[in-house]
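Okay, thanks for coming, everyone. Let me put the model up and then talk you through how the pieces pack.

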Amino acid sequence: AIDDDNPVMYFEQKVLLSMKSEVTSLEPIPLGKGRIVREGGDLSIITYGRQVYDALEAAEKLAADGVSLYPLDKELIGESIAKTHKAIVITEEVKRGGFGGEISAIIGEEFFDYLDAPVIRIGALDTPVPFAPNLEQYYIPNAQDILVAAKKMF
């Protein structure tokens with residue numbers, strides 16, 4: 001957004017403000033491009049924002065069980081699906097009408113021939129976003145949701 005000459009409105013997920021991680025590069029990711037956070041060979045998890053951390057947590061647990069993951073930009077998604085033949089799309093918004101459905105549609109329309117199983121979508125509950133922290137924890141998808149979905153594929 002910093003490098004774009006057009007006005008940009010940026011919405012930050014409040015949970016990210018309290019999270020800590022290592023800065024691996026000061027180079028920004030170009031607009032419209034994704035990045036591989038963790039490479040593997042068995043499953044593609046496509047996500048963004050806070051769910052990257054949940055996907056990484058699930059990846060570590062799955063790797064301990066002998067499953068590896070490879071997650072994200074249209075070309076990168078296609079390369080990933082061609083390699084792994086399976087995909088989970090996880091997003092923080094509700095499943096119905098959310099951006100995860102759009103990513104799933106892209107996979108189905110453009111990379112269907114690579115798939116060995118249906119794309120699994122994980123999203124928040126189809127309810128208003130709760131304000132209470134304990135209810136919000138229940139509302140937002142997490143690493144356990146990814147693990148349950150991944151185990152359905154193997």
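So, H2 and H3 pack at an angle of about 60 degrees, and their axes are 11 Å apart. Axes here are lines fitted to C-alpha atoms, for helices over the stretch in contact, with angles running from 0 to 180 degrees between N-to-C directions. That makes H2 and H3 oblique to each other, since under 35 degrees counts as roughly parallel, over 145 as roughly antiparallel, 65 to 115 as roughly perpendicular, and the rest as oblique. The crossing of the two is right-handed, meaning the near helix is turned clockwise from the far one by less than a right angle.

Quick caveat: this is a predicted model, so local features need pLDDT of at least 70 and side-chain atom pairs count only at pLDDT 80 or more, while totals for chains, interfaces and linings use all residues. Residues are numbered from 1 along each chain as its sequence is written, and side-chain values use heavy atoms, with hydrogens and water left out.

Who touches whom? From H2 we have Lys74, Ile77 and Ile81, and they meet Ile103, Ile106, Ile107 and Glu110 of H3, contact being heavy atoms within 4.5 Å. That set splits into five nonpolar, no polar and two charged residues.

Helices (H or I, at least four residues) and strands (E, at least two) are DSSP runs, numbered from the N terminus, and two strands pair if DSSP finds at least two bridges between them.

What about E2 itself, residues 87-94? Three bridges pair E2 with E1; Ser44 partners Ala87 and Ile45 partners Ile88. Seven of the eight residues in E2 are buried, so the strand is largely enclosed by the rest of the structure; buried is under 20% relative accessible area, with a 1.4 Å probe and protein chains only.

Key
Ala, Val, Leu, Ile, Met, Phe, Trp, Tyr, Cys and Pro count as nonpolar, Asp, Glu, Lys and Arg as charged, and the others, Gly among them, as polar. Buried means under 20% relative accessible area, exposed over 50%, partly exposed in between (1.4 Å probe, protein chains only).
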